[in-house]
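Trainee: Can you walk me through this one? I am new to reading folds.
Mentor: Fine, take a look at it, and then we start with terms.

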Amino acid sequence: RIDVVLTPTNGCVGLGQWLAYYLGQLIEEKRILAFWAEKSRFGEKNKFVLPTVFEKYIIDKDILIVDDIVTSGSSIQDLARLVVSKDGRVSAGVCLWNRGSAIIENVPLISLIEKKLDDWGWGSCPLCKAGVPINTDYGYGKEFLEEIKNCRNYDQGGESG
């Protein structure tokens, strides 16, 4: 049973909208709503807030949480906590790609692709070694560069490293 599809804002809103539409077509033409939650600008990192206008649609509803790529599972886990805090029920988490290390408490995770990708420690990334710049237009490149500015190993001469 699914009443609502919930996604994080980054990159998944369109995916959630279309998934809700097609699931509604499959489930006896039921109208499934699609909403998003935003990362909190205040407080702890990786916490989500639900726009107030959406809250009434979560109460006592079955929620499917959708993400594009899952690495640690923290976004789905945090969204699940948000749903429960708003008196909703989490049916499952789904993603396009599970990088293989996600552990999500009390939430079944369904993925289209399950493949673990290598993680590199500081200084061992082959792209960084080759001088490939960090993409700051999409994803978390800007935030990453801000975080490492104070690191003693940061290459002050550029955005790679």
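Mentor: Two strands pair if DSSP finds at least two bridges between them. Helices (H or I, at least four residues) and strands (E, at least two) are DSSP runs, numbered from the N terminus. This is a predicted model, where local features need pLDDT of at least 70, side-chain atom pairs count only at pLDDT 80 or more, and totals for chains, interfaces and linings use all residues. Residues are numbered from 1 along each chain as its sequence is written, and side-chain values use heavy atoms, with hydrogens and water left out.

Trainee: OK. How many helices and strands does the protein chain have?
Mentor: Five helices and six strands. From the N terminus on, they run β-α-β-β-α-β-α-β-β-α-α.

Trainee: And what order do the strands have in the sheet?
Mentor: The order is β3-β2-β1-β4-β5-β6, in an open sheet of six strands with mixed pairing. β3 (48-49) and β6 (109-114) are at the edges with a single partner strand each, so one side of each has no neighbour in the sheet.

Trainee: What packs on the sheet?
Mentor: Helix α3 (residues 74-85) does, touching β1, β2, β3, β4 (62-70), β5 (89-98) and β6. A contact means heavy atoms within 4.5 Å. The direction of α3 makes about 160° with that of β4; axes are lines fitted to C-alpha atoms, for helices over the stretch in contact, and angles run from 0 to 180 degrees between N-to-C directions.

Trainee: Back to pairing. Do β1 and β2 run parallel or antiparallel, and how many bridges join them?
Mentor: β1 (residues 4-8) and β2 (residues 33-39) run parallel, joined by five bridges. V5, for instance, has A34 in β2 as its bridge partner.

Trainee: New topic. Where is Y21, and is it buried or partly exposed?
Mentor: Y21 is in helix α1 (residues 9-26). Y21 is partly exposed, because its relative accessible area is 43%; buried means under 20%, exposed over 50%, and partly exposed in between (1.4 Å probe, protein chains only).

Trainee: How much of the protein chain is buried?
Mentor: Buried residues make up 33% of the 161 residues.

Trainee: Last one. Which loop holds D87, and what is its phi?
Mentor: D87 lies in the loop between α3 and β5. Its phi is positive, about 65°, although D87 is not a glycine. D87 is also exposed, with a relative accessible area of 54%. D60, in the loop between α2 (52-55) and β4, has a positive phi near 60° and is not a glycine either.
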